[in-house]
Amino acid sequence: MDASGEYVPAPGTQPQQPLPIIKTRFPVARIKKIMQADDDIGKVAQATPLVVAKALELFMISLVQESCNQARLRNAKRVSPSHLKQAVLSTEQFDFLAETVGKYPDAVAVSGDKPEPGTGPGRGRRRKVVE
């Protein structure tokens, strides 16, 4: 990590995929506060919350990218909790989350039948028909 907070890979190593530019950051002050709430942790070095914030960003990038891949595999327009669940279950890196995502429903199988009118996605406002 350089002085501006951007991730710089170690010399001689390259990330597998170029990481997207992210403008949002995890709040370092809140991370420090959470860390200090634990009685076992005394003082926290100034760089520690920064490193934890960057680790959270990289973790979220990989989790969201895998969830998006699962949504694309199912030709979905939106990422749903079931896509997140499939991302966790299909990636060994996220095995520690398997118990947590177990309470969410699995993805609905796509069938050839059309849903009845007024049910399913797209049942919100109707468009005005111009004659």
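Which residues form a nonpolar patch on the surface? The patch consists of Phe26, Val52, Leu56, Met60 and Val64, with about 340 Å² of accessible area together.

## Model and confidence

This is a predicted model, in which local features need pLDDT of at least 70 and side-chain atom pairs count only at pLDDT 80 or more, while totals for chains, interfaces and linings use all residues. Residues are numbered from 1 along each chain as its sequence is written, and side-chain values use heavy atoms, with hydrogens and water left out.

The average pLDDT (the predictor's confidence in each residue, from 0 to 100) is 77 for the chain, and 65% of the residues score at least 70. Over residues 111–116 pLDDT stays under 50, and the model has zero contacts there beyond four places in sequence; a contact means heavy atoms within 4.5 Å. Where pLDDT is low, the predicted coordinates should not be read in detail.

## Overall architecture

The chain has four helices and zero strands, in the order α-α-α-α from the N terminus. Helices (H or I, at least four residues) and strands (E, at least two) are DSSP runs, numbered from the N terminus.

Of the 131 residues, 17% count as buried; buried means under 20% relative accessible area, exposed over 50%, and partly exposed in between (1.4 Å probe, protein chains only). Accessible areas come from the Shrake-Rupley method with a 1.4 Å probe, and for residues only the protein chains shown count as cover. Among contacts between residues at least 6 apart in sequence, 39% join residues at least 24 apart.

## Core and helix packing

The largest nonpolar core has five residues: Leu63, Val88, Phe94, Leu97 and Val101. Such a core is a set of buried Ala, Val, Leu, Ile, Met, Phe, Trp, Tyr and Cys residues joined through side-chain atoms within 4.5 Å. Leaving aside residues up to four places away in sequence, Leu63 touches Leu84, Val88 and Phe94.

Helix α3 (residues 81–90) has Ser82, His83, Lys85, Gln86, Ala87 and Val88 as its buried residues, and these pack against α2 and α4 (98–101). Gln70, in helix α2 (residues 47–73), counts as buried at 7% relative accessibility. With residues up to four places away in sequence not counted, Gln70 touches His83, Gln86, Ala87 and Ser90.

## Salt bridges

The count comes to two salt bridges, each defined as a side-chain nitrogen of Lys or Arg within 4 Å of a carboxyl oxygen of Asp or Glu. Arg25 and Glu57 form one of them, at 3.1 Å, N to O. Arg25 lies in the segment before α1 and Glu57 in helix α2, so this pair ties together parts that are 32 residues apart in sequence. Arg25 is partly exposed, with a relative accessible area of 41%, whereas Glu57 is buried at 7%.

Lys54 also pairs with Glu57, the closest N and O atoms being 3.4 Å apart. Lys54 and Glu57 are three residues apart in helix α2, which means about one helical turn separates them. Both are buried. Through shared partners, the salt bridges join Arg25, Lys54 and Glu57 into one network.

## Surface patch

Patches are made of residues with over 30% relative accessible area and no salt bridge, with like charges joined within 9 Å and nonpolar side chains (Val, Leu, Ile, Met, Phe, Trp, Tyr) within 5 Å. Phe26 is partly exposed, with a relative accessible area of 31%.
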